[in-house]
Amino acid sequence: MRFFLHVARSGRLTSAARALSVDHATVSRRVAALEEALSTRLFDRSPRGYALTEAGRLLMPAAEAMESVTMAAAMEVGGRHHDLTGAVRVGMPEGAASHLVTEAAAALCVEHPRLELQIVALPRTFSLSQREADFAVVITPPAAGRLKIRKITDYSLRLYGHPDYLKGRELRGTEDLKDHRLVGYVPDLIFDKGLDYLAEIGATGAPALSSTSLLVQLELVLACGGLGVLPDFMAARHPILRPVLPEVTRITRAYWLVLHQDTAELARIRRTSRALADAMRARL
């Protein structure tokens with residue numbers, strides 16, 4: 001089961017072998033032996049790696065429960081710190097991933113050399129039930145599912161512009177935004193309604209410059225492309241940026257931690273999620 005879990009989490013024999021300190025042939029034999037014992041195929045093999053079959057996905061909760069019990073017993077009986085091993089995949093917004101958790105993520109992997117932390121910062125939602133991620137940080141928490149949801153912290157955003165763009169351009173209120181180039185998300189690719197910032201501050205029409213990437217939007221504002229709504233924690237790293245109509249364009253959002261009930265108490269997931277959430281609170 002231990003070999004099965006490592007392959008399922010990493011998707012590759014070589015990664016599992018490295019984490020288990022054996023050669024990849026040993027991992028392959030152990031997985032094949034498990035499949036033979038269960039009389040079913042647990043993985044689809046391809047040049048891209050190992051992907052769980054339906055039978056493999058059904059086995060995951062039981063295997064992870066066994067792992068959790070074993071690790072808890074080792075910690076209780078041994079009375080010692082238990083090293084974290086294996087892959088942990090977290091899905092989170094690009095801004096938080098790039099500006100709030102990198103130092104904590106690096107420190108965690110230094111402390112636990114056999115931990116593989118994968119930060120997926122893509123503009124999309126993640127299905128924890130399908131194991132697309134072990135946990136997620138989101139702006140709008142899901143309304144259903146066997147999930148544990150905890151609020152991490154609030155954060156604020158405002159409309160920002162570069163002084164060179166703002167030179168000679170006076171804004172008395174949000175009604176003047178129609179006369180300005182705006183930077184924002186690609187309208188039909190906004191995957192979370194909480195990201196529709198421009199509509200919330202009263203801007204109408206599509207932005208002149210748009211991207212699915214918040215980091216690209218930041219660079220467009222820095223390049224005098226127009227005015228864009230940015231998290232204050234991102235804009236703070238670029239003191240040249242100026243808030244525009246700060247009192248009326250201020251928006252408050254929250255980051256939420258989402259874990260699956262079946263895996264939330266696994267040591268590697270519990271401690272990794274706590275470390276990243278603590279880092280986010282400390283920076284906001």
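Rings of Phe, Tyr and Trp (for Trp, the six-membered ring) are taken as a pair if their centres lie within 6.5 Å; planes under 30 degrees apart count as stacked, over 60 as edge-to-face, and the rest as tilted. By this criterion, F4, F43 and Y50 form one aromatic cluster. The model is predicted, so to speak of a local feature a pLDDT of at least 70 is needed, side-chain atom pairs count only at pLDDT 80 or more, and totals for chains, interfaces and linings use all residues. Residues are numbered from 1 along each chain as its sequence is written, and side-chain values use heavy atoms, with hydrogens and water left out.

Five aromatic pairs are present in the structure. One of them joins Y155 and F233 in an edge-to-face arrangement, with 6.0 Å from centre to centre and 65° between the planes. Because Y155 belongs to strand β6 (residues 147-161) and F233 to helix α10 (residues 232-235), this pair ties together parts that are 78 residues apart in sequence. Helices (H or I, at least four residues) and strands (E, at least two) are DSSP runs here, numbered from the N terminus. Y155 and F233 are both buried, where buried means under 20% relative accessible area, exposed means over 50%, and partly exposed lies in between (1.4 Å probe, protein chains only).

A tilted pair is found at Y185 and Y197, since the ring centres are 6.2 Å apart and the planes stand at 50°. Y185 sits in the loop between β7 (182-184) and α8 (197-200), while Y197 is part of helix α8, so the contact links parts twelve residues apart in sequence. Y185 is buried at a relative accessible area of 13%, and Y197 is likewise buried, at 5%.

Arginine side chains also meet aromatic faces. A charge is assigned to a position over a ring if NZ of Lys or CZ of Arg is within 6 Å of the ring centre and within 35 degrees of the ring normal. R124 lies over the face of F126, 4.5 Å from the ring centre, and R169 over that of Y165, at 4.1 Å.

Turning to the backbone, most residues other than glycine have a negative phi. S21, however, has a positive phi, near 60°. This serine is located in the loop between α2 (13-20) and α3 (24-38) and is exposed, with a relative accessible area of 63%. C224 also has a positive phi, near 65°; its place is the loop between α9 (214-222) and β9 (227-231). With 22% relative accessibility, C224 counts as partly exposed.
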